[in-house]
Amino acid sequence: MEITYDITAEDYIAFNLDYMRNNPTSKRNILKARLQGAVLILAAGGICGYLLNAYSPVLIAIFVAAAVLYALMIPRTITKKVTNNVRKTLQQSGSIACGQKSLVLEDGRFRLKGAGEDSLYEYAKVQKVVEDAAHFYIYTGQMEALIVPFTAFADAAARAAFLADFKARVQAAGGAVQE
């Protein structure tokens with residue numbers, strides 16, 4: 001079985017954002033950033049009130065509002081930063097990562113070729129297959145995945161057939177197929 005598709009910068013951005021939102025370490029780091037920032041803002045409010053000897057409901061409300069806004073806005077800021085970093089990385093690489101690719105399912109292994117790449121992977125090395133709203137991510141390492149956009153398939157039935165065939169091959173080789 002062979003599928004051919006185009007990989008764009010948006011596909012790489014989608015993968016990085018999906019990883020950021022679903023990886024336990026990333027989620028924990030974002031939560032820590034939210035909490036630490038909010039605590040620092042509240043501590044700054046307490047210090048200001050103490051130094052000015054002017055604790056007031058207005059001062060407290062301002063610093064509480066600032067802490068809440070920070071906690072709400074930091075994920076958006078991180079998302080924007082990830083998006084910009086991926087775009088810069090792809091521009092610096094000359095966008096060799098983007099372009100037309102083919103994923104060929106062979107006996108015992110699969111091959112990704114095109115857009116400056118020709119790589120072989122063993123089915124047994126697949127760690128997981130993750131699906132988001134528009135892609136399959138075939139993890140071949142802790143932070144390494146092949147991106148297969150749904151645009152590679154004619155319809156949902158073709159997509160489901162590919163996924164079932166791929167998972168069967170991975171399972172037969174002793175790889176992982178958890179989602």
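Visitor: Which residue of E7 is the bridge partner of tyrosine 137?

Guide: In this predicted model, tyrosine 137 has isoleucine 147 as its bridge partner in E7.

Visitor: What makes E6 and E7 a pair of strands?

Guide: Two strands pair if at least two bridges are found between them. E6 and E7 have 5 bridges, in the antiparallel sense, and therefore they meet the definition of a pair. The two strands form a hairpin, with 5 residues between them.

Visitor: How do you know that E5 pairs with E6?

Guide: Strand E5, residues 128–131, is joined to E6 by 4 bridges, and the definition asks for at least two. The two strands run antiparallel. Valine 129, for instance, has isoleucine 138 in E6 as its bridge partner. A hairpin of 3 residues links E5 to E6.

Visitor: Why is alanine 152 called buried?

Guide: Buried means under 20% relative accessible area. Alanine 152 has 16% relative accessibility, and therefore counts as buried.

Visitor: Where is alanine 152, and which residues is it in contact with beyond its neighbours within four places in sequence?

Guide: Alanine 152 lies in the loop between strand E7 (145–149) and helix H4 (156–173). Beyond those neighbours, alanine 152 is in contact with Ile3, Thr4 and Tyr5. The C-alpha atoms of alanine 152 and tyrosine 5 are separated by 4.9 Å, although the two residues are 147 residues apart along the chain.

Key. Residues numbered from 1 in each chain as written. Predicted model: local features only at pLDDT ≥ 70, side-chain atom pairs only at ≥ 80, totals over all residues. Heavy atoms only, no water. Buried < 20%, exposed > 50% of the residue type's maximum accessible area, 1.4 Å probe, protein only. Contact = heavy atoms within 4.5 Å.
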